[in-house]
Amino acid sequence: MPVTTEVQAILNMLEAVGGPLDLATVTPEEMRAAYDQMSAFGTRLEMASVRDLAVPGPGGDIPVRVYVPTAEPGPRPVLVYFHGGGWVIGSLESHDAPVRALAAASGVTVVSVDYRLAPEHPFPAPIDDCLAAVRWVADNAADLDVDPARLAVGGDSAGGNLSAVVAQQLRGTDAAPAFQLLVYPVTDGEMAHPSMAENAEGYFLTAPTMAWFWDHYTGAGDRTDPLASPLHAPDDALAGLAPSLVITAEFDPLRDEGEAYAARLEAAGVPVTATRYDGMIHGFCSMGDMVPEGKAAIDEAAQALRAALAV
């Protein structure tokens, strides 16, 4: 099927305001500013409380934002969330609206993490920050009024990549997550899956943009390192991981690598649900005000969190 009418309207609007930036000349700062401007829209649902805190990290304090959706007494389940943006762009602000929507729909406390960005802080700095944040949430569960035994990790795009890597790294530890929410995750730096060519241009995220992100994140390093590309992890690193929901979009260059990672998890014995949203593009889960499927995906994620964490 083609993209839906609502998605086509968004693509037309993006084209009307100039289309993609010229990757040959654009700087990370310019890309961040454009992304923040594009992300300024979206309903910001009321929460019982929203607090900005700082987590000690390997490179200094890591800003986090704690969303508590209801005033019901805790301890509540908690989702540690890593935003998307190719490890180069994105922030607490860019994902404020979708994180609020996810918290409201699930009833779960969400801790959104503002990890360091490449190229100023390339691989593996974002991973180090995300690991530190999850461990901090587990260690400070009482102060956050959350239950460390009901801790999930999740994120979209590069944030899905970081979630998968963090889950692998924390397997078997006291901070091991009980659930993974992987929304159109980046899983393979080789960029060789069919969807990367099929959806290379014209659907918001492009293959050249993805290559630009990888260049800034890993540079000339090995993109098949499992810390960068969780799809390349050995089988024994996947066995015993937490149950997972993997969401993909039909017209997304990352579609096939996300679904390939879901298949690897399933083959390793991990309970996994893989849902492809037809007619959708990368980023649609942040477009719920304009795209009904975006809200549907948030609702699916919320239901999965509620079931896995026994809300």
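These legends walk through several close-up views of one predicted model.

Because the model is predicted, local features are described only at a pLDDT of at least 70 and side-chain atom pairs only at 80 or more, while totals for chains, interfaces and linings use all residues. Residues are numbered from 1 along each chain as its sequence is written, and side-chain values use heavy atoms, with hydrogens and water left out.

**View 1**
The score here is pLDDT, the predictor's confidence in each residue, from 0 to 100. The chain averages 96, and 100% of the residues score at least 70. Confidence is lowest in helix H2 (residues 28-38), with a mean of 92, and highest in strand S6 (residues 179-183), at 99. Helices (H or I, at least four residues) and strands (E, at least two) are DSSP runs, numbered from the N terminus.

**View 1. Helix H6, residues 158-170, up close.**
H6 has 13 residues and reaches 18 Å from its first C-alpha to its last, close to the 18 Å expected at 1.5 Å a residue. That expected span is 1.5 Å times one less than the number of residues. Is H6 mostly enclosed or open? It is largely enclosed by the rest of the structure, because 12 of its 13 residues are buried. Buried means under 20% relative accessible area, exposed means over 50%, and partly exposed is in between (1.4 Å probe, protein chains only). The buried residues include Ala158, Leu162, Val166 and Leu170. Just after H6, look for Gly172, with a positive phi of about 85 degrees.

**View 2. Where H4 passes H6.**
The axes of helix H4 (residues 125-139) and H6 come within 10 Å and cross at roughly 60 degrees. Axes are lines fitted to C-alpha atoms, for helices over the stretch in contact, and angles run from 0 to 180 degrees between N-to-C directions. The two helices are therefore oblique to each other; angles under 35 degrees count as roughly parallel, over 145 as roughly antiparallel, 65 to 115 as roughly perpendicular and the rest as oblique. On the H4 side, the contact is made by Pro126, Ile127, Cys130, Leu131, Val134 and Arg135, and on the H6 side by Leu162, Val165, Val166, Gln169 and Leu170. Contact means heavy atoms within 4.5 Å.

Most residues other than glycine have a negative phi, and most peptide bonds are trans. Ala118 and Pro119, though, are joined by a cis peptide bond, with omega about 5 degrees.

**View 3. Ser157 and Phe204, with positive phi.**
Ser157 has a phi near 60 degrees and lies in the loop between strand S5 (146-156) and H6. With a relative accessible area of 6%, Ser157 is buried. Phe204 has a phi near 80 degrees, and its place is the loop between helix H7 (194-198) and helix H8 (207-218). Phe204 is partly exposed, at 30% relative accessible area.

**View 4. Ala233 and its surroundings.**
Ala233 is in the loop between H8 and helix H9 (235-238), and at 4% relative accessibility it counts as buried. What does Ala233 touch, leaving aside neighbours within four places in sequence? It is in contact with Gln168, Pro226, Leu238 and Arg264. Ala233 and Tyr261 are 28 residues apart in sequence and 9.9 Å apart in space, C-alpha to C-alpha.

Technical notes. A crossing is left-handed if the near helix is turned anticlockwise from the far one by less than a right angle, and right-handed if clockwise.
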